[in-house]
Amino acid sequence: MGGRSALWPFYTCVMPELPEVETVVRGLEKHARGDVIESVWIGEKRDLLKSAPEEIAELLTGARIGGVRRMGKHIVVDLAMPENGEARGQWIVHLGMTGKLTVCRPDVDVEKHTHVVARLESGREIRFVDPRRFGKTWVHRSEAGFATGGLEPLEVDLPTFASFFRRRKTPIKSALLNQKLLRGIGNIYADESLFRAGVRPRRSAASLTMDELRRLHGAVREVLTEAIAAGGSSISDYVGADGERGFFQMEHRVYGREGQPCLHCGTPIKRIVVAGRGTHYCRVCQR
DNA sequence: AGGTTGACCTGGACGC
DNA sequence: TGCGTCCAGGTCAACC
């Protein structure tokens, strides 16, 4: 971990999976929790909004940020009544592929593709920016709180993990990406986990042996934990920063390394398409 | 019903 | 230089 090796391609774009979302959540917890939303600006693009803009503005305006949590790739901002701390509802943000949710000072230039700005009592602003608009945001009133399927990959035990895959014919990579089973794993960490577990991405999920499932369970935990640790270094710079610092500090062993030597055996990394996604693996180390 | 595919989006890379 | 084309992938609808 640490610096990016010269072997790696230079990524300019951030793909938010569980560790990146966790980093954003920790940044918001640190720099926005307890603050009160004074006013809300919502842009013209409606395809990102799953609640009416008036509803979002109404629920957010005047609310205190009681806490910020992650559920899979969803960011859950718990809103409270400022006077008594009573639950008021939740502001949900999904970053899609290119979304960013940052806390910044108001004098920082407003980026192109900024869709929501929440101005806080402290003077800071929470900004939701998403060029590609695969992201989504909406609100829930407290009586109908946000719920999502799937279990947290860092919390699930081995027997439950194994039970998800035992009877599935779909490729193991597709199953790892299925948010109704495990929530938060995306394309990059699916490839990285399968490499560390030594399992080929196209293998049918049901074909994995108990030993392979045990290795995969461990690999998923290891990869996500390392990535969160790498992202953690960006939190102190979160205010006013572009929010991207730290996201790609973890070295990828297979993702984006087509044709480059496997770090374990030297065989060129292969790239195939699984579940419509670019998929990278070592044909020698993964069976 | 589980599994698979394409649509949604924009910016960047690439070819001519 | 500039234009057209392709590709990236999270999620969901619409198929088989």
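Modeller: Two strands count as paired if DSSP finds at least two bridges between them, and the strands themselves (E, at least two residues), like the helices (H or I, at least four residues), are DSSP runs numbered from the N terminus. This is a predicted model, in which local features need pLDDT of at least 70 and side-chain atom pairs count only at pLDDT 80 or more, while totals for chains, interfaces and linings use all residues. Residues are numbered from 1 along each chain as its sequence is written, chains are lettered from A and ligands numbered from 1 in the order in which they are written, and side-chain values use heavy atoms, with hydrogens and water left out.

Biologist: How many bridges join strand 5 to strand 7?

Modeller: There are 5 bridges between them, and the two strands run antiparallel; Val 103, for instance, has Ile 126 of strand 7 as its bridge partner.

Biologist: In what order do the strands of the open sheet lie?

Modeller: The sheet has 4 strands in the order 1-6-7-5, with antiparallel pairing. Strand 1 (37-42) and strand 5 (100-104) are the edge strands, each pairing on one side only. From one strand to the next the twist averages 15°.

Biologist: Is Phe 128 buried or exposed?

Modeller: Buried means under 20% relative accessible area, exposed over 50%, and partly exposed in between, using a 1.4 Å probe and protein chains only. Phe 128, found in strand 7 (residues 125-129), counts as buried because its relative accessibility is 0%.

Biologist: Why is strand 10 described as largely enclosed?

Modeller: Of the 5 residues in strand 10 (residues 277-281), 4 are buried, so the strand is largely enclosed by the rest of the structure. Strand 10 pairs with strand 9 (residues 270-274) in the antiparallel sense over 5 bridges, and Lys 270 stands opposite Tyr 281 in strand 10. These two strands form a hairpin with 2 residues between them, and Ala 275 in the turn has a positive phi of about 55°.

Biologist: Which residues come nearest to DNA strand C?

Modeller: A residue is near a strand if one of its heavy atoms lies within 4 Å of it. Of the 14 residues around DNA strand C, His 94, Met 97, Arg 132, Phe 134 and Arg 271 come nearest.

Technical notes
Axes are lines fitted to C-alpha atoms, for helices over the stretch in contact, and angles run from 0 to 180 degrees between N-to-C directions.
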